[in-house]
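Here are my notes for anyone opening this one for the first time. Have a look at the model, then read on.

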Amino acid sequence: MKDVLWYNSPAKYWTDALPLGNGTLGAMLFFDISEDRIALNHDRLWTGHPVNITNDKAKKAYGKACSLTAEGRLYDAQKELEKHFSTCWSQAYLPLGDIIIRYEDKGLLKKYKRELKLSRSMATAQYNLHSNDYSLEAFVSFPDNALVYRIKTVKPINFTVSLDCKLQSVTDISENMIITDGLCPSDSDSFSSKYPCHSLVYSKDEAEQGVSFTAALKINTDGVCSSDGEDLSVTGSTLTTLYFTAETNFENPFTPPCQSAKEPHSIVLERIGRLSKEEYNDLKTAHLKDYKELYDRVELDLCGKNKNSDLPTDKRLKKYQDDPTDLELYELFYNFARYLLISCSREGSAAANLQGIWSENLKAPWNSNYTVNINTEMNYWHALPCGLDRMCFPLFDLIHTLSITGEKTAADFYGARGFVCHHNSDLWGFTLPTSGSASWSYFNAASGWLCHHLYEYYEYSLDKAFLANTALPIMKKAAEFYLDILKENGDGTLSVSPSTSPENLYTDGRHSVSLAKSTTITDTVVLNLFNEILSACDELGICDEFYVTVRNAAEKIKPFKVGSYGQLLEWDDEYEECDIHHRHVSHLIGLHPFNLITPEKTPELAEACRATLFRRGDDGTGWSLAWKINFYARLGDGNSALRLLKRQLRPVRSRRKSDFNYGDGGGTYPNLFDAHPPFQIDGNFGAASGINEMLVKSDSECIYLLPALPDEWKNGSVKGMRVKGNMTIDFEWKDGKVASYSLRGGQKKVVFE
């Protein structure tokens with residue numbers, strides 16, 4: 001099966017459970033037979049509020065670090081930045097709580113099966129307990145902004161329902177409804193620890209109040225619903241429907257919650273009242289119509305169903321390790337990534353964070369925030385080829401926010417125009433350098449990197465209004481910042497100096513050092529941004545003074561360099577790496593996701609990228625494996641790309657939520673969530689992007705079919721894949737060669753088979 005995850009036992013751990021979502025509400029379904037759990041999330045439940053943080057020493061420290069760098073005193077420059085240039089951590093994404101359903105029925109369990117139907121975005125379970133047939137069904141509706149959960153049995157049953165909130169809250173229970181009003185912490189204690197989310201802080205100052213929220217659960221039943229003040233009791237039921245919805249008082253990243261005019265309590269009461277009057281089948285029909293229009297756009301068929309394809313998904317994942325002929329598993333993994341993006345990033349929602357929308361921990365790894373030195377960007381790599389253009393809108397909203405909040409950071413910390421964003425962000429548009437090592441905190445290329453998503457959206461859509469009114473103004477602001485901080489290298493070239501390569505270190509013989517006179521990733525981001533601004537201006541017929549300034553600077557950006565091993569250099573010189581197998585391979589950004597290095601136009605640099613990948617090796621975290629799949633696909637090496645995809649599909653055991661393993665193992669949890677470990681959704685999305693790259697590559701002039709087809713994928717077809725130029729392509733291949741294709745819409749292009 002390629003569109004169903006299924007299991008023959010209830011979920012024990014969170015990474016065994018089945019995810020549902022509509023961009024705003026997230027739910028994890030366990031389908032336990034005695035004490036069932038539905039873990040809940042809301043995309044606007046974050047710690048914090050808008051703040052005006054600065055560092056009076058930062059600008060001076062930056063100037064001193066620049067001088068020390070020019071003198072070759074790189075470690076001293078690094079210490080200066082770590083001591084005087086950094087600030088605090090971003091705020092943290094939070095879980096809402098759990099719906100707990102406790103059943104009275106006990107007895108022999110038979111015929112248990114729970115499923116997540118990707119093509120319908122519905123989770124179901126069927127089983128026989130104590131000679132009673134149970135049928136459970138759940139979905140999270142985007143049109144109605146609610147979780148709907150139906151419990152159907154042949155014989156009457158009794159159970160209780162409670163709503164347990166993890167945050168500061170008060171709960172009121174009436175005859176058939178639970179209403180919880182709560183408050184998010186004012187801060188995740190972002191100043192007090194080297195690492196984020198040390199503890200949660202509730203300030204007594206009203207001006208520092210966090211986001212407030214209301215959640216409501218209502219029951220319709222053919223039995224009797226009553227309350228003892230602790231929970232809701234349902235007796236004599238054969239058909240019960242639970243409706244859950246939530247709302248916050250978050251208005252925008254710039255309005256403090258204490259000043260919000262939004263009243264979540266009244267909104268939730270109106271919504272839950274309306275929902276409970278609707279027919280179940282009407283809500284389900286509206287949900288399916290909305291969802292399937294998105295999911296059904298693309299279909300991948302690798303013609304590889306085998307005897308393991310019908311096994312429970314966790315057992316199938318284990319069997320695959322010994323028998324990788326189950327090609328349908330790749331289709332399932334690909335479809336799951338499309339499903340997850342539709343479920344966690346919709347119009348009007350927040351952008352997908354490190355865990356999409358699903359998180360169970362009050363102190364989530366890395367705050368479950370926006371890590372914009374790779375992870376947030378990777379979340380959206382597969383969106384446009386999969387026809388999920390509308391799923392990108394929350395990302396564009398985030399970029400717009402950063403282009404505003406990042407102006408102050410650029411001015412206060414660098415004395416520069418434009419805007420900048422460093423390696424972390426959050427719901428409030430955090431753009432500051434965090435505390436800790438300069439290897440992560442002093443990464444000022446995120447703003448330029450994020451702008452690539454804006455221009456790429458134009459490349460796919462050819463929406464000139466978007467290009468002129470949304471993309472180009474933000475891109476120009478990002479460019480202003482880099483124009484102000486670029487420095488002469490002494491040979492006529494320009495670089496951002498000093499600079500880092502995300503989270504990687506080299507040794508100078510005495511110290512582990514992250515700072516260099518220049519780094520390949522930062523200069524590549526700047527060059528790509530400048531080139532895309534020039535292309536955007538050409539598309540819009542603009543040739544002004546700014547255009548000329550950008551063009552002149554682009555011509556001087558320091559070129560790529562190749563080292564003694566034939567590898568692409570990561571820093572300005574060939575330093576000894578502290579870890580040659582480091583998970584980040586950021587200096588290959590010109591190969592992917594940018595198009596500055598290609599085997600066709602820059603073969604020597606492409607081979608240098610290949611040598612770099614060989615030195616780095618195949619190990620890495622989940623997202624690291626995913627990026628390497630994309631790199632190999634861009635190099636036309638489908639077999640190596642598939643080798644990494646197979647590594648990504650290694651089973652990882654689910655663990656208790658407090659038992660994190662931050663190693664470089666990578667892999668996949670039983671519910672197909674990507675394992676960093678712990679869970680990070682970027683690996684799911686990056687792997688799907690890698691599959692796209694193996695099958696289709698497009699630019700402004702050409703479409704390349706099967707540019708990196710693995711030998712094992714001999715036959716197959718794709719329907720509905722989007723390519724640049726506002727076009728859609730269907731194609732089929734047999735024995736490794738294109739058998740037929742058809743194009744719809746957009747510009748005429750040359751197709752290479």
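This is a predicted model: local features need pLDDT of at least 70, side-chain atom pairs count only at pLDDT 80 or more; totals for chains, interfaces and linings use all residues.

1. Residues are numbered from 1 along each chain as its sequence is written, and side-chain values use heavy atoms, leaving out hydrogens and water.

2. The largest pocket holds about 730 Å³ of space. Its lining has 26 residues, and E459, N595, D699, S700 and K724 are the closest to its centre. (A pocket is an open set of points on a 1 Å grid over the protein atoms alone, where a 1.4 Å probe fits, with protein on both sides within 12 Å along at least five of seven lines; lining residues have an atom within 4 Å of a point.) Helix 12 gives the most to this lining, five residues.

3. Don't look for disulfides (cysteine sulfur pairs within 2.5 Å): there are zero. For C386, the nearest cysteine sulfur belongs to C392, 10 Å away. C386 is buried (under 20% relative accessible area, with a 1.4 Å probe and protein chains only), at 0%. C702 counts as buried too, at 12%.

4. There's an open sheet of three strands in the order 22-21-24, with antiparallel pairing. Strands (DSSP E runs of at least two residues, numbered from the N terminus) pair if DSSP finds at least two bridges between them. Strands 22 (512–513) and 24 (576–577) are the edges. Two bridges join strand 21 to strand 22, and T507 has S512 as its bridge partner.

Methods:
Grid points are joined across faces, edges and corners, and a volume is the space filled by probe spheres set on the points. Helices (H or I, at least four residues) and strands (E, at least two) are DSSP runs, numbered from the N terminus. Buried means under 20% relative accessible area, exposed over 50%, partly exposed in between (1.4 Å probe, protein chains only).
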